[in-house]
Amino acid sequence: TYIKCLETLYGKAKTAETALSLAEYYRKKKNLTQAEKYYIQATELSNGSKDKSRILSKASEMYVGSKNTVALTYCDKALALDPDNGRACYIKGLLVYQMRCGSDFDKAMAACLSVDWLNKAIANDPTLSKDVQIRITQYKQYYPLKSKAFFYNLKDGDQYTINCMGDTTTVRTR
């Protein structure tokens with residue numbers, strides 16, 4: 001009955017808070033279509049870029065691992081509104097790693113790029129530190145080998161653009 005009351009309330013007076021509550025409810029119920037609808041409405045009804053960014057990062061997060069392209073779209077929109085959104089930086093780090101592409105070397109360099117985003121997440125939101133540190137430790141295992149970087153005429157500290165992503169990161173090897 002709570003959700004019916006909430007939907008009735010939302011029908012009479014649309015607010016960002018009510019839309020966000022509905023989005024969270026539908027997300028928990030695994031009804032991502034309804035959740036996405038309400039996240040979008042919450043974003044449209046909210047004031048300020050930080051609030052919009054926070055809501056978009058929640059929408060992004062619900063698609064990580066299942067619809068990474070959709071998740072990346074929402075994440076990029078969140079970061080465009082607030083580049084210091086630590087949660088969005090964390091999600092971007094997860095997505096970059098999951099969506100790695102190209103040659104084996106590019107895939108290894110995606111681990112470096114992911115760590116860049118994860119470090120930015122911690123810098124912007126220290127409360128994420130525990131979860132982020134676990135991912136950083138995991139992703140460092142996939143840095144390119146020094147011998148592979150040598151064949152690309154690269155060494156630690158050099159800049160490298162991942163061809164399939166178009167993003168540049170700092171070379172780190174293991």
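**Reading rings and cysteines**

Mentor: Buried means under 20% relative accessible area, exposed over 50% and partly exposed in between, using a 1.4 Å probe and protein chains only. This is a predicted model, in which local features need pLDDT of at least 70 and side-chain atom pairs count only at pLDDT 80 or more, while totals for chains, interfaces and linings use all residues. Residues are numbered from 1 along each chain as its sequence is written, and side-chain values use heavy atoms, leaving out hydrogens and water.

Trainee: How many aromatic pairs does the structure hold?

Mentor: First, the general idea: a pair of aromatic rings is described by the distance of the centres and the angle of the planes. Rings of Phe, Tyr and Trp (its six-membered ring) pair if their centres lie within 6.5 Å; planes under 30 degrees apart count as stacked, over 60 as edge-to-face, and the rest as tilted. The structure holds nine such pairs. One of them joins Y25 and Y26 edge-to-face, 5.1 Å centre to centre with 75° between the planes. Y25 is partly exposed, at 29% relative accessibility.

Trainee: And are the rings of Y26 and Y38 stacked or edge-to-face?

Mentor: Their planes lie at 5° and their centres are 5.8 Å apart, so this pair is stacked. Y26 is in helix α2 (residues 16-28) and Y38 in helix α3 (residues 32-45), so the pair ties together parts 12 residues apart in sequence. Helices (H or I, at least four residues) and strands (E, at least two) are DSSP runs, numbered from the N terminus. Y38 is buried, with a relative accessible area of 6%. One aromatic cluster is formed by Y10, Y25, Y26 and Y38.

Trainee: Now the cysteines. Which residues form a disulfide?

Mentor: The rule asks for a pair of cysteine sulfur atoms within 2.5 Å. It gives one disulfide here: C101 and C164, with sulfur atoms 2.1 Å apart. The link is right-handed, with 100° about the S-S bond. C101 lies in the loop between α6 (86-98) and α7 (104-124), and C164 in the loop between β1 (159-162) and β2 (167-170), so the pair ties together parts 63 residues apart in sequence.
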